[in-house]
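Please look over the sequence and the model first.

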Amino acid sequence: MRLHRLEVTGFGPFADTARVDLDTLSEAGLFLLTGPTGAGKSSVLDAVCFALYGDVPGDRSTAKRLRSDHAGDDVVPRVVLEVTLSGRRFRIDRSPAWRRPKKRGTGTTTEQARVVVSERRRDSDGHDVWHPLTTRLDEAGHLLTRLVGMTLPQFCQVALLPQGRFQAFLRARSEERHALLQQVFRTERFDQVERWLRERRVELRRASEAHRVAVADLVSRVSEVGDVAAPDDWHDDPEQLTGWARTLEGGTRDAADRQRAVVATTAAEEASAASAAAAGAELAGRRAAHAAAEREREALRSAEPEQRERRDRIADAERALAVHPLHEVARAARAEEDAAERTAEGLRRDLADALAPGSDVLDRTAVTRHLRDATRRLADLDRARPLRDQAAALEQELARLERVRASAAVRCETAAARAAEVPVLLDELTPQLLRAAESRASVAALESEVAALVLRQRAAAGVVELTSQVEAAERELLAATTSRLAARERLVDVREQRLDGMAAEIATRLAVGASCPVCGSADHPSPAAPAPGAPDEAAERAARREVDDLEVVVEAHAQQVRGLESRRAAAAAEAGGTVAELAAVRADLDARLAAARADGADADLLARRVDALRAELATATAEVADLRADLARHDTEAAVLASRRTDLLDRLADVLADGDDLDDLDRRLRHVEDVATRLLDATADLERVRTAAARAEAAVAAAAVEHGFVSATEAEAAWLAPEAVARLRRLVEERERDLARVEEQLADPDVVSAATAPAPDLERLAHEQHRTRGEAAAARQHAATLDDRVRRLAGLADDVDGALAGWRPVRRDLDAVADLAALVEGKHPDNQLQMRLSAYVLAHRLGQVVDAANLRLSTMSDRRYSLVHTGRRGAGETRGGLSLLVRDDWTGDDRDPATLSGGETFVVSLALALGLADVITHEAGGADLDTLFVDEGFGSLDADTLEDVMDTLDTLRDGGRVVGVVSHVPELQTRIPTQLRLHRGRHGSRVSLHCG
């Protein structure tokens with residue numbers, strides 16, 4: 001794989017389009033990607049990953065913010081990469097999903113991710129053209145992953161060597177290293193085997209527990225049904241449960257047969273008592289029914305007057321029903337007459353109020369005369385209205401001219417004052433413009449001083465941070481030392497306790513018939529018993545392991561303290577002062593730089609202001625002359641309009657006498673005309689309604705007499721609503737039905753004979769029936785209980801046999817799976833390294849990585865350091881297999897990676913990264929990777945080590961490979977002449993290419 005050209009738009013910190021010619025950078029074989037923090041060095045690498053895989057590495061992938069915050073709302077985020085894969089030239093044009101403003105309305109909408117993959121081919125004319133291959137995201141992903149030969153995690157470990165991440169990998173615990181190696185080498189299938197065994201073990205344990213609970217439940221149910229206790233030792237010998245259940249079933253069956261004879265005897269006695277009680281109850285019921293019927297008949301006969309009154313009211317209401325509609329018509333006519341009279345009286349008052357005081361009586365003739373006068377005067381006002389409108393229009397025009405003249409006068413005065421003020425302003429701005437130019441020239445020198453001071457401040461901040469780290473490491477060392485002493489004391493106590501109870505421990509190993517290892521006897525009449533909580537060999541081994549682990553932890557913390565103190569001394573020498581001292585110097589430089597930038601930033605503004613003032617002076621002079629001519633013209637037009645307005649007002653005064661307002665007079669006359677017209681109409685309606693009301697009242701009176709009423713008022717009082725009539729009829733019919741029913745009951749011969757018979761002794765009969773029923777029910781209940789117990793015991797015995805048969809294979813499978821799962825999880829006693837299956841597989845891969853890393857680490861460390869892969873557990877770890885140590889060939893000791901200095905850590909991490917890259921490349925089938933990037937970390941190296949590292953990187957260029965070094969270390973800028981520089985700014989970053 002070789003990168004040729006990269007184009008980035010609206011991506012990361014790049015608001016505008018940034019183009020990188022990687023072919024030019026590749027000519028030197030080694031180039032530097034440099035720039036200040038935040039300029040976008042990592043974003044260039046992210047753009048390469050995004051083009052190839054549609055994703056970016058690390059935590060930036062989860063943020064989902066690939067589009068530049070500096071880009072405009074209409075800028076589409078886009079990455080275009082030209083790359084050679086498997087000998088074929090491709091162009092990948094990819095955009096992430098992003099949100100843009102809606103074209104209609106407010107808010108935003110989501111633009112989906114897109115991709116276009118094209119291949120450069122020759123057409124029929126021999127020209128190179130881009131031939132599109134796919135625009136689907138899934139197809140593009142499969143195609144590019146197959147061509148590259150690696151997944152995104154593998155690519156990031158092979159082509160993009162992230163130094164910081166490999167420092168973490170170097171110092172990580174086995175569990176963390178396991179997760180990273182598993183992601184890179186894709187060994188998830190071994191984790192799946194472990195997970196399957198673990199889940200299978202849990203599943204079988206749950207199934208076994210479920211079987212045990214089922215058997216225990218059945219035993220409890222058999223014990224409850226048989227009313228006997230279960231055998232205490234059934235957990236040891238479940239097979240005895242079958243015989244126990246069958247014995248209970250046989251005994252219960254014999255008791256059930258004896259109880260059936262008792263049930264037959266008590267049933268006969270119950271039937272006889274029930275028959276006697278039923279006859280007595282029937283006789284008592286008939287006597288009570290006869291007495292109740294007598295009482296109800298007397299009550300119905302006493303309500304006869306009320307019944308006759310209801311019938312009379314129903315008859316009167318039926319006669320009044322024919323008169324009621326005419327009465328309603330007469331009532332409506334009277335209401336209409338009252339309303340018409342109120343309307344006419346109200347209109348007459350309105351007309352009197354509208355006329356002048358002293359008007360004559362408003363009868364029909366007077367109203368008609370006032371209507372004619374109002375109509376005539378309104379016609380005169382219509383002829384005078386145009387004169388009034390013309391005069392008002394002239395008045396508005398005069399007012400407008402006055403406003404225009406006043407505005408022109410103000411503008412003229414303002415322009416004249418501005419024309420006098422501009423020369424003074426020009427004299428003031430000229431010296432300021434000269435000072436701003438001088439400040440702009442001094443900005444570059446101050447920026448260089450600030451950049452040098454920033455490096456010293458970082459070193460000073462590092463001193464403070466390392467001081468706190470040293471203190472924390474010393475506290476951890478003290479805590480680890482204290483824990484080690486406590487563990488040693490616990491180990492001594494465990495050994496003493498074990499020696500005290502050694503006789504009991506030997507007794508636990510004795511077997512019947514075997515000789516005692518102490519006295520040689522085959523008889524063991526009274527073996528010693530262990531004391532509660534006495535430790536055994538496993539407890540002593542665990543205590544000893546704890547002491548060994550804490551020894552490693554103490555040594556690791558001690559080495560960490562020494563390394564941190566060395567790094568703090570180096571940082572203090574580089575800083576040359578404290579944080580407060582450097583901050584004071586930085587504050588002074590920042591203030592001077594800010595002042596220079598502020599003054600220099602005003603230079604362009606001041607120049608533009610001077611040019612603007614000169615143009616403004618010429619404009620103001622010309623404007624004063626034009627405005628003075630306009631004032632003279634406005635005065636002439638105003639005089640002509642005032643003369644025309646006076647003539648129109650004189651003609652209007654001839655039409656309107658006594659100074660009346662035309663609009664007010666028009667409204668009064670139109671009101672009189674309207675009220676008079678409506679009053680005439682209301683008078684005619686009133687006469688018509690009075691005639692209709694008189695006719696309706698006469699018709700009501702005639703209808704009332706015709707239907708037997710003295711007057712209409714009596715007929716209206718007799719009328720009832722249909723609901724009331726129906727209710728009265730229902731009451732009459734219900735009483736008649738009740739009386740017929742009572743007479744029928746009193747005529748029944750059985751009831752009459754029961755009334756003359758002697759009363760039965762119901763209490764004695766009921767007591768006898770209750771006694772026999774209770775005895776029979778108790779006998780039947782006991783028999784049913786025994787039968788049910790026999791049936792349930794038979795079924796439960798079968799269930800116990802079935803439950804035991806289902807439990808046996810589950811226990812066998814659980815024992816086998818639990819043993820195998822403990823082995824692959826590293827928890828089995830036979831797994832001495834306590835190494836998981838997946839860790840065992842990855843340990844082989846890690847060994848390959850260490851071998852490949854040591855080939856380069858030997859050169860970069862002047863043959864001092866080499867990596868050692870060990871299967872032992874690290875400090876504080878519960879699993880082994882993936883631990884790393886650093887062997888110091890100068891001292892012959894194996895060291896924890898945490899004890900390395902910053903520069904040593906970088907060298908070892910870089911060697912480890914290159915070794916992993918070689919192994920992954922081989923794992924991917926020897927994928928051809930011609931472009932390689934190495935990330936930050938060179939600033940922690942001394943001159944000699946940096947020289948060795950650079951020599952190692954030079955060897956990576958063998959065979960035409962291109963190496964890009966990502967760093968902002970100034971020394972590398974002099975050692976690597978070919979550079980891709982990134983410049984950050986307020987409105988986004990930009991790139992520039994330097995080939996020195």
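At what angle do the axes of helix α2 and helix α4 cross, and within what distance do they come? The crossing is at roughly 115°, and the axes come within 8 Å. Helix α2 covers residues 41-53 and helix α4 covers residues 137-148. An angle of 65 to 115 degrees counts as roughly perpendicular, so α2 is roughly perpendicular to α4. On the α2 side, the contact uses Ala 51, Leu 52 and Tyr 53. On the α4 side, Leu 144, Thr 145 and Val 148 meet them. By class, the residues of this contact are five nonpolar, one polar and no charged.

**Overall picture**

The model is predicted. The protein has 996 residues, and 37% of them count as buried. It holds 24 helices and 17 strands. Among contacts with a separation of 6 or more, 74% are between residues 24 or more positions apart.

**A second helix pair**

Two packed helices are described by the angle between their axes and the distance between the axes. Helix α9 (residues 240-302) packs against helix α19 (residues 749-756) at about 100°, with the axes 8 Å apart. The two are therefore roughly perpendicular to each other. From α9 come Leu 283, Arg 286, Arg 287 and His 290. From α19 come Asp 750, Val 751, Ala 754 and Ala 755. This contact of α9 with α19 has four nonpolar, one polar and three charged residues.

**Helix lengths and ends**

After α21 comes Asp 862, with a positive phi near 60°.

Helix α8 (residues 188-226) has 39 residues. From its first C-alpha to its last, α8 reaches 56 Å, close to the 57 Å expected at 1.5 Å a residue. Asp 227 follows α8, and its phi is positive, near 60°.

**Buried residues in helices**

| Residue | Helix | Relative accessible area |
|---|---|---|
| Ser 43 | α2 | 15% |
| Arg 484 | α12 | 16% |
| Gly 462 | α12 | 18% |

Why does Ser 43 count as buried? Its relative accessible area is 15%, and buried means under 20%. Ser 43 belongs to α2, the helix that crosses α4. Leaving aside neighbours within four places in sequence, Ser 43 is in contact with Phe 11, Gly 12, Pro 13 and Phe 14.

Helix α12 spans residues 364-500 and contains Arg 484. Which residues does Arg 484 touch, not counting those up to four places away in sequence? They are Leu 550, Glu 551 and Val 554. Arg 484 is buried, at 16%.

Gly 462 is also found in α12. Gly 462 is buried, with a relative accessible area of 18%. Its C-alpha atom is separated by 7.4 Å from that of Arg 568, although Gly 462 and Arg 568 are 106 residues apart along the chain.

Key:
Residues numbered from 1 in each chain as written. Predicted model: local features only at pLDDT ≥ 70, side-chain atom pairs only at ≥ 80, totals over all residues. Heavy atoms only, no water. Helix = DSSP H or I, 4+ residues; strand = E, 2+ residues; numbered from the N terminus. Buried < 20%, exposed > 50% of the residue type's maximum accessible area, 1.4 Å probe, protein only. Contact = heavy atoms within 4.5 Å. Axes fitted to C-alpha atoms, helices over the stretch in contact; angles between N-to-C directions. Parallel < 35°, antiparallel > 145°, perpendicular 65-115°, else oblique. Nonpolar A, V, L, I, M, F, W, Y, C, P; charged D, E, K, R; others polar. Expected span 1.5 Å × (residues − 1).
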